[in-house]
Amino acid sequence: MAHTISRGMYYFVKRVPKRYASVDPRSRIQLSLKTESPDVVQRKSLIIEERLVAYWEALLAEDHEGAKAHYEAAVNFAEVQGYTYLSLEEVVAEPLGGLLNRIEVIPEGE
């Protein structure tokens, strides 16, 4: 994964791997990380890359029902733990302390 800076803002940049070319017609992905802080870039990039690979793998498997079930399980788990389910963008925008609190409730091995 690479990063570019435009007008002080960092961007996540990744070439679409050949493995996923059949399910994603883009040659590369470029997403704003919505930060000017180099300290935040690595953390956000890791999350985005993890989600992209999971997305591509689900497309390869054509597991739309599995993806839906996974999403519903995540929403239910968050509610049981007393949290509102947040999108990836909302999670990375949350203060680090709030993110760490969410991570601490994830059971071992998940």
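**Exercise 1. Classify arginine 19 by its accessibility, and identify its salt-bridge partner.**

Step 1. Arginine 19 has a relative accessibility of 53%, so it counts as exposed. The classes are as follows: buried means under 20% relative accessible area, exposed over 50%, and partly exposed in between, with a 1.4 Å probe and protein chains only. The model is predicted, so local features need pLDDT of at least 70 and side-chain atom pairs count only at pLDDT 80 or more, while totals for chains, interfaces and linings use all residues. Residues are numbered from 1 along each chain as its sequence is written, and side-chain values use heavy atoms, with hydrogens and water left out.

Step 2. The partner is glutamate 57, with the closest N and O atoms 2.9 Å apart. A salt bridge requires a side-chain nitrogen of Lys or Arg within 4 Å of a carboxyl oxygen of Asp or Glu.

Step 3. The two residues come from distant parts of the chain: arginine 19 belongs to the loop between strand 2 and strand 3, glutamate 57 to helix 1, and 38 residues separate them. Helices (H or I, at least four residues) and strands (E, at least two) are DSSP runs, numbered from the N terminus.

Step 4. Glutamate 57 has 29% relative accessibility and therefore counts as partly exposed.

**Exercise 2. State how many salt bridges the structure holds, and describe the others.**

Step 1. The structure holds 3 salt bridges.

Step 2. One of them joins the side chains of glutamate 49 and lysine 14, at 2.9 Å from N to O. Because glutamate 49 lies in helix 1 and lysine 14 in strand 2, this pair ties together parts that are 35 residues apart in sequence. Both glutamate 49 and lysine 14 are buried.

Step 3. Another is formed by aspartate 24 and arginine 26, whose closest N and O atoms are 2.6 Å apart. Aspartate 24 is buried, at a relative accessible area of 4%, whereas arginine 26, at 40%, counts as partly exposed.

**Exercise 3. Determine the number of aromatic pairs and characterise the geometry.**

Step 1. Rings of Phe, Tyr and Trp (its six-membered ring) pair if their centres lie within 6.5 Å; planes under 30 degrees apart count as stacked, over 60 as edge-to-face and the rest as tilted. By this rule there is 1 aromatic pair.

Step 2. Tyrosine 20 and tryptophan 56 form this pair, which is stacked, with 4.9 Å between centres and 25° between planes.

Step 3. The pair links distant parts of the chain, since tyrosine 20 sits in the loop between strand 2 (9-15) and strand 3 (28-32) and tryptophan 56 in helix 1 (residues 38-61), 36 residues apart.

Step 4. Tyrosine 20 is buried at 6% relative accessible area, and tryptophan 56 is buried at 0%.

**Exercise 4. List the residues of the largest nonpolar core and name the element that supplies the largest share.**

Step 1. A nonpolar core is a set of buried Ala, Val, Leu, Ile, Met, Phe, Trp, Tyr and Cys residues joined through side-chain atoms within 4.5 Å. The largest one has 10 residues: Tyr10, Phe12, Val16, Tyr20, Ile29, Leu33, Val41, Ile48, Leu52 and Trp56.

Step 2. Strand 2 and helix 1 each supply at least two residues of this core. The largest share, 4 residues, comes from helix 1.

Step 3. In soluble globular proteins, nonpolar side chains tend to be buried together.

**Exercise 5. Describe the nonpolar surface patch that includes Leu96.**

Step 1. The patch is made by Leu96, Leu100 and Ile103 and covers about 260 Å². Patches are made of residues with over 30% relative accessible area and no salt bridge; like charges are joined within 9 Å, nonpolar side chains (Val, Leu, Ile, Met, Phe, Trp, Tyr) within 5 Å. Accessible areas come from the Shrake-Rupley method with a 1.4 Å probe, and for residues, only the protein chains shown count as cover.

Step 2. Leucine 96 lies in helix 4 (residues 96-104) and, at 45% relative accessibility, counts as partly exposed.
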